[in-house]
Amino acid sequence: MTQGSKEKERVRRALRYAKDRGRILRQVAAYHVANRSKILERVAAHRIAHVEQARMRDALRYAANPEKKRTRDAARRAVNTEEVREKDRARAAARRALESSCSVGAVTVADVRAIFAETGGTCIYCGDVATELDHLFPLSRGGPHAIHNLAPACRSCNASKHNKLPGEWKGRPTVPQSVSSLPLPAGKTKP
Ligand SMILES: [Zn+2]
């Protein structure tokens, strides 16, 4: 795929997603409930093939020249604070995803920016300033690390929601209906 057509595909998907967020979220959740073991197997295989290798390569590179990375990071941070912050958010969410061995899709900095732009940078649950990415369908319950499963949230809401499904978390009355009506995984009932 060329760079241009990739970008077009991304825009097309983002538009479709923005229009149809509730339905897509329910679809994704249902797919993950139905295919959990298949997904976990695929993720494990991918992880062994790519992620561990990349991690090893990065570690070796860093060990060979730690000063180089520190200097580069500091320079980037000074020049473009917001971009670095978005990248950090993307990385933190991806790290949480890897730690729980769930499905990890590619979530780029542009995606993170788009997710935050969707609410104007406010928490989807309470409207405060969002500083984190919430996995709507929690990673620990088989939710994917993918753009359609991420939403901007403030620290308090994200921590309070923790590993509850949007429908299970009654912490704030402003949880959107499209999110709170997500199906529960097999064997679980609403409290
Ligand atoms: Zn909040």
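Which residue follows α6 with a positive phi? Gly 120 does, with a phi near 65°. The model is predicted: local features need pLDDT of at least 70, side-chain atom pairs count only at pLDDT 80 or more, and totals for chains, interfaces and linings use all residues. Residues are numbered from 1 along each chain as its sequence is written.

**View 1. The elements in order.** The protein has eight helices and two strands, counted as DSSP runs from the N terminus (helices: H or I, at least four residues; strands: E, at least two). Their order from the N terminus is α-α-α-α-α-α-β-β-α-α.

**View 2. Helix α6 and its buried face.** Within α6 (residues 109-118), the buried residues are Asp 111, Val 112, Ile 115 and Phe 116. Buried here means that 20 or more other C-beta atoms, placed from the backbone, lie within 10 Å of a residue's own. Down the axis of α6, these residues fall within an arc of 135°, so they line one face of the helix; the arc is taken from the directions from the helix axis to the C-beta atoms.

**View 3. The largest nonpolar core.** This set of 24 residues has Ile 115, Cys 123, Leu 150 and Ala 153 as those with the most contacts inside it. A nonpolar core joins buried Ala, Val, Leu, Ile, Met, Phe, Trp, Tyr and Cys residues through C-beta atoms within 7 Å. Two or more residues each come from α2 (21-34), α5 (81-99), α6 and β2 (150-153).

**View 4. Helix α4, hardly covered.** None of the 14 residues of α4 is buried.

Definitions and conventions: Buried ≥ 20, exposed ≤ 12 C-beta atoms within 10 Å, placed from the backbone.
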